[in-house]
Amino acid sequence: MFEDYKVPDDIAIRLNVDDVRRSLENIFGALGMPDANAQRAADVLVYADVRGIESHGVSYMMQWYVQGLRKGWINPTPSPKPIREMPGCATLDGDEGVGIDVGPQAMEMAMDKADACGVGA
């Protein structure tokens with residue numbers, strides 16, 4: 001299944017990870033994302049590619065994020081907020097932000113809850 005997303009070695013282009021991350025941050029920034037959001041999103045894409053998860057990396061997903069940000073389908077400046085919350089869990093409204101930005105924020109919230117009460121979801 002995931003082989004459909006794998007870039008064949010004979011056409012793969014290898015780039016410096018730090019250069020790619022900087023380029024992604026610049027692209028996200030040019031599309032209206034604040035620096036912290038752009039950095040978080042770039043980190044997730046680079047993480048996927050470095051670990052060979054091309055289906056969720058730069059070469060496949062970036063085109064969809066650029067299109068979504070340009071067409072207004074994705075909010076470049078989301079303000080995620082809990083819509084329901086208990087000590088160990090919460091339901092988060094991502095404010096139409098891109099998941100690779102909002103997801104890590106949700107995970108931070110879950111880890112804070114886990115620190116406070118032993119479980120976070």
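Visitor: How far does helix H2 reach from its first C-alpha to its last?
Guide: In this predicted model, H2 covers residues 35–50, which is 16 residues. Helices (H or I, at least four residues) and strands (E, at least two) are DSSP runs numbered from the N terminus. The expected span is 1.5 Å times one less than the number of residues. That gives an expected 22 Å for H2, and its reach is close to this, at 22 Å.

Visitor: At what pLDDT do side-chain atom pairs count?
Guide: Residues are numbered from 1 along each chain as its sequence is written, and side-chain values use heavy atoms, with hydrogens and water left out. As the model is predicted, totals for chains, interfaces and linings use all residues, local features need pLDDT of at least 70, and side-chain atom pairs count only at pLDDT 80 or more.

Visitor: Within what arc do the buried residues of H2 fall?
Guide: Buried means under 20% relative accessible area, exposed over 50% and partly exposed in between (1.4 Å probe, protein chains only). The buried residues of H2 are Asn-37, Ala-38, Ala-41, Ala-42, Leu-45, Val-46 and Ala-48. They line one face of the helix, because the directions from the helix axis to the C-beta atoms fall, for these residues, within an arc of 160 degrees.

Visitor: Which helix gives the largest share of the lining of the largest pocket?
Guide: On a 1 Å grid over the protein atoms alone, a pocket is an open set of points where a 1.4 Å probe fits, with protein on both sides within 12 Å along at least five of seven lines; lining residues have an atom within 4 Å of a point. Its volume, the space filled by probe spheres set on points joined across faces, edges and corners, is about 550 Å³. Of the 16 lining residues, the closest to the centre are Ile-13, Arg-14, Leu-15, Asp-49 and Ser-59. H1, H2 and H3 each supply at least two lining residues, and the largest share, 3 residues, comes from H2.

Visitor: How far apart are the end C-alpha atoms of H4?
Guide: H4 has 19 residues, which should span 27 Å at 1.5 Å a residue. The value in the model agrees with this: 26 Å.

Visitor: Is Lys-113 buried or exposed?
Guide: Lys-113 is found in H4 (residues 99–117), and the buried residues of that helix pack against H1, H2, H3, strand S1 (81–86) and S2. Beyond four places in sequence, its contacts include Glu-85, Met-86, Pro-87 and Ala-90. Because its relative accessibility is 10%, Lys-113 counts as buried.

Visitor: What relative accessible area does Ala-90 have?
Guide: Ala-90 lies in strand S2 (residues 89–93) and touches Met-109 and Lys-113, among others more than four places away. Its C-alpha is separated from that of Ala-106, 16 residues apart along the chain, by 9.0 Å. Ala-90 counts as partly exposed because its relative accessible area is 23%.

Visitor: What pattern does the protein chain follow along the sequence?
Guide: The chain has 4 helices and 2 strands. Read along the sequence, they give the pattern α-α-α-β-β-α.

Methods. Contact means heavy atoms within 4.5 Å.
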